[in-house]
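Hi,

Here is the structure I promised to pass on. Have a look at it first, and then read on for what I found.

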Amino acid sequence: MGGLLEVLQNGIEQNIICSKCETEFLLGSTDSRSLQDYSRLDIGFTSIGVQVWCRRHDANVVHIDFADQKPTADFRCIE
Ligand SMILES: [Zn+2]
């Protein structure tokens, strides 16, 4: 991450996906054109960090523990 606004660009290198959604999508059992379309993920802060939750499967995808640290977060967006 270099420039000031660079962190506000899409820098996603690896999507966080629900493994159950991925399996269903790869089996071709959905009408969705992409796994991103098929996924229904909730992302939010918890008491220990950030959690990604699959609404479709009502299951945890990942729970990132900040380990009592306060990571820098940028909530601005470029319009
Ligand atoms: Zn899922």
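Among contacts in the protein chain between residues at least 6 apart in sequence, what percentage join residues at least 24 apart? The answer is 28%. Please keep in mind that this is a predicted model.

Let me start with the overall layout. The protein chain contains 2 helices and 3 strands.

The 3 strands make an open sheet, ordered β1-β2-β3, with antiparallel pairing. At its edges are β1 (41-45) and β3 (59-65), each of which pairs on one side only. From one strand to the next, the twist averages 15 degrees. Strands of a sheet pair through backbone hydrogen bonds. Between β2 (residues 49-54) and β3, which run antiparallel, there are 6 bridges.

Finally, some whole-chain values. The radius of gyration of the protein chain is 15 Å, whereas a compact globule of 79 residues would come out near 12 Å. The C-alpha trace spans about 40 × 30 × 20 Å along its principal axes. As for burial, 18% of the 79 residues count as buried. The accessible surface of the chain is about 6,700 Å², and carbon and sulfur atoms account for 49% of that.

Happy to go through any of this with you.

Best wishes

Conventions. Residues are numbered from 1 along each chain as its sequence is written. This is a predicted model: local features need pLDDT of at least 70, side-chain atom pairs count only at pLDDT 80 or more; totals for chains, interfaces and linings use all residues. Side-chain values use heavy atoms; hydrogens and water are left out. Two strands pair if DSSP finds at least two bridges between them. Helices (H or I, at least four residues) and strands (E, at least two) are DSSP runs, numbered from the N terminus. Axes are lines fitted to C-alpha atoms, for helices over the stretch in contact, and angles run from 0 to 180 degrees between N-to-C directions. The radius of gyration is taken over C-alpha atoms; the globule rule is 2.2 Å times the number of residues to the power 0.38. Buried means under 20% relative accessible area, exposed over 50%, partly exposed in between (1.4 Å probe, protein chains only). Contact means heavy atoms within 4.5 Å. Accessible areas come from the Shrake-Rupley method with a 1.4 Å probe; for residues, only the protein chains shown count as cover.
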